[in-house]
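Please keep the structure at hand while reading.

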2 protein chains.
Amino acid sequence: MKIAVDGMGGDHAPKEIIRGCIQAINEIKDIEIFLTGQRDLIEEELKKYQFDHTKFHAVYTSEVITNEDKPVQAIRKKKDSSMVVGLNLLKEKKVDGFISAGNTGALLAGSLFRLGRIKGIDRPAIAATYPTTKGISLLVDAGANAECKPRNLLEFGLMGSIYVQKVLGKKDPSVGLANIGIEEGKGTQLIKESFELFQKTDLNFHGNAEVRDLPTGIVDVIVCDGFVGNVILKLTEGVAMTIMSMLKGVFTKNFMSKIGAMILKGSLKEFKKNMDYTEYGGAPLLGVNGAVVKAHGSSNGKAIKNAIKQAKAFVEGEVLEKINQEIGRIGDENNG
Amino acid sequence: MKIAVDGMGGDHAPKEIIRGCIQAINEIKDIEIFLTGQRDLIEEELKKYQFDHTKFHAVYTSEVITNEDKPVQAIRKKKDSSMVVGLNLLKEKKVDGFISAGNTGALLAGSLFRLGRIKGIDRPAIAATYPTTKGISLLVDAGANAECKPRNLLEFGLMGSIYVQKVLGKKDPSVGLANIGIEEGKGTQLIKESFELFQKTDLNFHGNAEVRDLPTGIVDVIVCDGFVGNVILKLTEGVAMTIMSMLKGVFTKNFMSKIGAMILKGSLKEFKKNMDYTEYGGAPLLGVNGAVVKAHGSSNGKAIKNAIKQAKAFVEGEVLEKINQEIGRIGDENNG
């Protein structure tokens, strides 16, 4: 399995990206890494590690797409960037999957331009893993499409359901519409119309999923437009971070509270692990013709390694093939 | 100051409602309560308390609007309900303000029908207090209008800004659009167009407020459509509750962790108080012709007392008069 990795994307590139690649080579079976990026930086960083060199290939590039770049422009102009070159490797089938922790908009635009959409998919989406007390839910769309039509949400639900089955290994995953109440008829016009479309499919449709219940894993696939999806992701992160920092204040308030916190150290560590995004890899782009995974911008080595593991499962699960098969059927039902 | 209170609305009515009213009479200066509700239940409950009877007036009603009732229908048909009778007292100026912990949709519809809108306000909104690490932000709209136009968001911002000045006592409050990024041009069409309208006003416009930063109190007034606002409120509550219940697991895991938790008890109590909605009263309806406050459905006595205090500040701050004055000015600017 050959995975290309954007060596220059992300807050801690190339250092943590390379660390993750080496970890992947050393820990994951049957993996070969194609790292794109600037020669001098890569060579300098690689000196730190011991690894099987037959499993690592550097592809040197001269340009970098930053978070400040405008996505479409950047993809068109920076043809020798680590991101565009990585996408080309995937397009030319020199690799099986591609990972980037860089500019999300550029990765999405680049995937659309270079790889194209799966036939029958109107709008590709970003599918984010959403940690819950029951494990992981998949949130689609996490931010690719701010404005959506009901048909788009239906596609998100179908693609998400397939991904959860094939990559996360959950049979017959439940699919719910993120909403402000569970009763049919709640929410926006978009949700009401999408509700009707979902009812006509053979997806395991849960109906409306009250946003208050999302953190407890009420559904396996959370469907919403990209604006609401991004609000859900970022607010969850913001609330969790705020509470954690308030707790830190509690634990370090005085001598006695420090002792209390010390006693709790082990249990708290486990608790933090549950909320740690680095455990869950990245966010697959669903609906483009290729296995592309967006890693978190602030990914460390472990997060990159897990994103590589995830891309491998994405390819092995034949997610794209399955979406190709199923999308026709949904289309027929909704046109018929 | 005369405040009417819906004695039958809320999960713990009439018991906790009456408890809150008695607390208000005993603790808040210059307050008279008009409690609407079923005679036998009120009389039974009142036996428990010592209070100044000249400050308490029961207004007996025969019907109750439940959470299962359809708002518009309920308001039209249940004319002798505790909610409709309370709104009538306000309309007839027998009281200065009205509080209900009952059916939110019905309270909104009833306020619109019985009190009407402030001239120049297209869509009244629910303004919720949003607890942050810096104190309180005001979230408008918290759920009254699922679909909005830019003009609506502008009105929410103006009304919210006035409320925060006059009731929460904050000078020149900052007003931000809840969004998935801070750059101008981020988000939905609605937000982009609203951004332009806000820029033309003399409000203290912060620009886009990244939802991740809302829990840290990045702006004083959070403006959004009612769907997104309700998502923000409910998800914040859901994430906080989930983390608290996970923490409870950490604290009771074994003998040693119980000791650790016991040492931290005092600091944790303070921490919980910060996140306790009962401290903050209720959600004012902004844009209707009357000081109406929606208390949380699960309000206990303390929450009701704080909602009464809030309604008093709402009236004393002359919020409605100020909205009346300011709305014309905003209208002119945007039409001119």
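Two strands are taken to pair if DSSP finds at least two bridges between them, and strands themselves are DSSP runs of E with at least two residues, numbered from the N terminus. With that in mind, I3(A) stands opposite I33(A), the latter lying in β2(A). The model discussed here is predicted, and the points below are grouped by topic.

**Paired strands in chain A**

- Strand β1 (residues 2-6) of chain A and β2(A) run parallel and are joined by five bridges, and within this part of the chain I3(A) is found opposite I33(A) of β2(A).
- Strand β2 (residues 32-37) of chain A has six residues, of which five are buried, so the strand is largely enclosed by the rest of the structure.

**The interface between chain B and chain A**

- The size of an interface is often given as the accessible area lost when the parts come together.
- For chain B and chain A the buried area is about 4400 Å², and carbon and sulfur atoms give 80% of that area.
- Of the area that chain B buries against chain A, 16% is supplied by R212(B), F227(B) and L235(B), which is more than any other three residues supply.
- Counted by residues in contact, the interface involves 48 residues of chain B and 48 residues of chain A.
- Six residue pairs are in polar contact between chain B and chain A, where both residues are at pLDDT 80 or more.
- On the side of chain B that touches chain A, at least two residues come from each of β7 (174-179), α7 (189-199), α8 (226-251) and α9 (255-274) of chain B.
- Helix α8(B) gives the most to this side of chain B, with 18 residues.
- By residue type, the side of chain B that touches chain A divides into 27 nonpolar, 14 polar and seven charged residues.

**Salt bridges between the chains**

- There are four salt bridges between chain B and chain A, whereas the count over all chains comes to 27.
- One salt bridge brings together the side chains of E237(B) and R212(A), with an N to O distance of 3.3 Å.

**Salt bridges within a chain**

- In chain A, E155(A) forms a salt bridge with R151(A), and the closest N and O atoms of this pair are 2.9 Å apart.
- Because E155(A) and R151(A) are four residues apart in helix α6 (residues 150-166) of chain A, they are separated by about one helical turn.
- In chain B, the side chains of K305(B) and E27(B) meet in a salt bridge at 2.9 Å, N to O.
- This pair links distant parts of the chain, with K305(B) in helix α10 (residues 301-316) of chain B and E27(B) in helix α1 (residues 15-27) of chain B, 278 residues apart.
- K305(B) has a relative accessible area of 11% and is therefore buried, the cut-off being under 20%.
- Also in chain B, a salt bridge is formed by the side chains of K312(B) and E316(B), at 3.3 Å from N to O.
- K312(B) and E316(B) are separated by about one helical turn, because they are four residues apart in helix α10 of chain B.
- K312(B) counts as buried at 12% relative accessibility, whereas E316(B), with a relative accessible area of 47%, is partly exposed.

Technical notes
Residues numbered from 1 in each chain as written. Chains lettered and ligands numbered in written order. Predicted model: local features only at pLDDT ≥ 70, side-chain atom pairs only at ≥ 80, totals over all residues. Heavy atoms only, no water. Contact = heavy atoms within 4.5 Å. Buried area = accessible area lost by both parts, 1.4 Å probe. Polar contact = N/O pair within 3.5 Å; in protein donor to acceptor, adjacent residues only side chain to side chain. Nonpolar A, V, L, I, M, F, W, Y, C, P; charged D, E, K, R; others polar. Buried < 20%, exposed > 50% of the residue type's maximum accessible area, 1.4 Å probe, protein only.
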